[in-house]
Amino acid sequence: MKYLIIGAGPAGLTFANRLLQNGEKDFLVLEKESEAGGLCRSVQTDGSPLDIGGGHFLDVKKRDVLDFLFEFMPDTEWDTYNRDSQIDIHHTMINSPIEANIWQLGISDQVEYLKAIAVAGCNLGVEMPDKFIDWIYWKLGAKIAKEYMIPYNQKMFGEDLNALGTYWLEKLPNVSFEETLTSCLERKMYGSQPAHARFYYPKKYGYGELWLRMAKTLGDKIQYQTKIEKIDFDRKIINDSYQADYIINTAPWKSFDQISGLSEELRQSIDTLKYSSVVIEYHNEHMDTSAHWIYYPDPELTYHRILVRHNFCPASNGYWTETNLTRYQKSDAFAYINEYAYPLNTIGKQETMKRLLSFTEAKQVYGLGRWGEWQHYNSDVVVERALQMADRLSK
């Protein structure tokens, strides 16, 4: 065939559907699970949807992405929300991001936070460091570092935070010291909003419904329960059974048992790629909060965040927790393990992926999406990149 697409998550489904829109029908999608959606799948739990990959929402900002997705699930089937994300700081709830909302704490705490931020490296003209923990102190000061950012990120990504670089931090909201000070004086938030400041969520379904509909449009162009074990770059053959002119890989590079046609240096580079696994656990308990999700830096709690299902999924109950697999303590609650949850932005990863993708693209094998590019992309970004790649290769 002309195109062989590995994975029926948002990246693979978008790429395949865009091919159809461009008049191209000579393709096949291979998916290891029994249904489509990847990390954005949903299941019915306790009478309503549960997103088994954690919190996935559709941002309102990218008009071309929304126009494309609403062809499969019209905007009339979505509700819109203004993001309400909160942080539990010593059992006091404040809004996120913390540096824009410390005004919600007591005066003495505000003073201590402001004193620490004022002498942070970024406010003293110190050059930005290369390691993540050093960057936290440099950008936010010692108090936010110790009480929130370090413990929270250790719970989410693992203990060795200085293995992470700083090249990815444009993802985080940028709030200056002046804006933090002004917010305390005027008692309202200043500075940029984090991702999903306003978002869509389906009225009657989980987020996975969108991707099921996109898969349905493809008909027999998807083959399920097909785990990719072997890739031959030289002959562009998968599992000794499927051959194509172009291979689009949206699966984790580390998940393949055998890759032929790679140099030893590139094999070793793939081995250096890191990721974290998470467990999503459902609890049938009502939380008296307006929050859509809550961050918990307290190291005594195993989970790092809670998603309050009944505040964005109408007619639903309870909440679900997200916990790094290394910290998870098994219980009787419904739980789902995502082995590949977050690609880690380790030092040197950008150079590794540049070398790998340059090599594979020369052989017409393309990495796409969160795992194909090994980037912590939200689903709207993945869709945008898949549309661009499909248009580039099929026109």
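Colleague: Which residues in α6 do Gln-110, Leu-114, Ile-117 and Ala-118 in α3 meet?
Modeller: Bear in mind that this is a predicted model: local features need pLDDT of at least 70, side-chain atom pairs count only at pLDDT 80 or more, and totals for chains, interfaces and linings use all residues. Residues are numbered from 1 along each chain as its sequence is written, and side-chain values use heavy atoms, leaving out hydrogens and water. Contact means heavy atoms within 4.5 Å, while helices (H or I, at least four residues) and strands (E, at least two) are DSSP runs numbered from the N terminus. Those four in α3 meet Phe-177, Thr-180, Leu-181 and Cys-184.

Colleague: And how many residues in that contact are nonpolar?
Modeller: Ala, Val, Leu, Ile, Met, Phe, Trp, Tyr, Cys and Pro count as nonpolar, Asp, Glu, Lys and Arg as charged, and the others, Gly among them, as polar. The contact of α3 with α6 has no charged residues and 2 polar ones, and the nonpolar count is 6.

Colleague: Are α3 and α6 roughly parallel or antiparallel?
Modeller: Axes are lines fitted to C-alpha atoms, for helices over the stretch in contact, with angles from 0 to 180 degrees between N-to-C directions. α3 (residues 107–118) and α6 (residues 177–186) have axes 10 Å apart and an angle of about 165°. Under 35 degrees counts as roughly parallel, over 145 as roughly antiparallel, 65 to 115 as roughly perpendicular and the rest as oblique. The two helices are therefore roughly antiparallel.

Colleague: What's the strand order in the open sheet of 3 strands?
Modeller: Two strands pair if DSSP finds at least two bridges between them. Here the pairing is antiparallel, and the order is β5-β9-β6.

Colleague: Which residue in β9 is the bridge partner of Asp-79?
Modeller: β6 and β9 (residues 198–202) pair in the antiparallel sense over 5 bridges. In β9, the partner of Asp-79 is Tyr-201.

Colleague: Which side chain meets Glu-77 in a salt bridge?
Modeller: A salt bridge puts a side-chain nitrogen of Lys or Arg within 4 Å of a carboxyl oxygen of Asp or Glu, and the whole structure has 15. For Glu-77 the N to O distance is 2.8 Å, and the partner is Arg-213.

Colleague: How many residues apart are Glu-77 and Arg-213?
Modeller: Glu-77 is in the loop between α2 (63–69) and β6, whereas Arg-213 is in helix α7 (residues 208–218). The pair links distant parts of the chain, and the separation in residues is 136.
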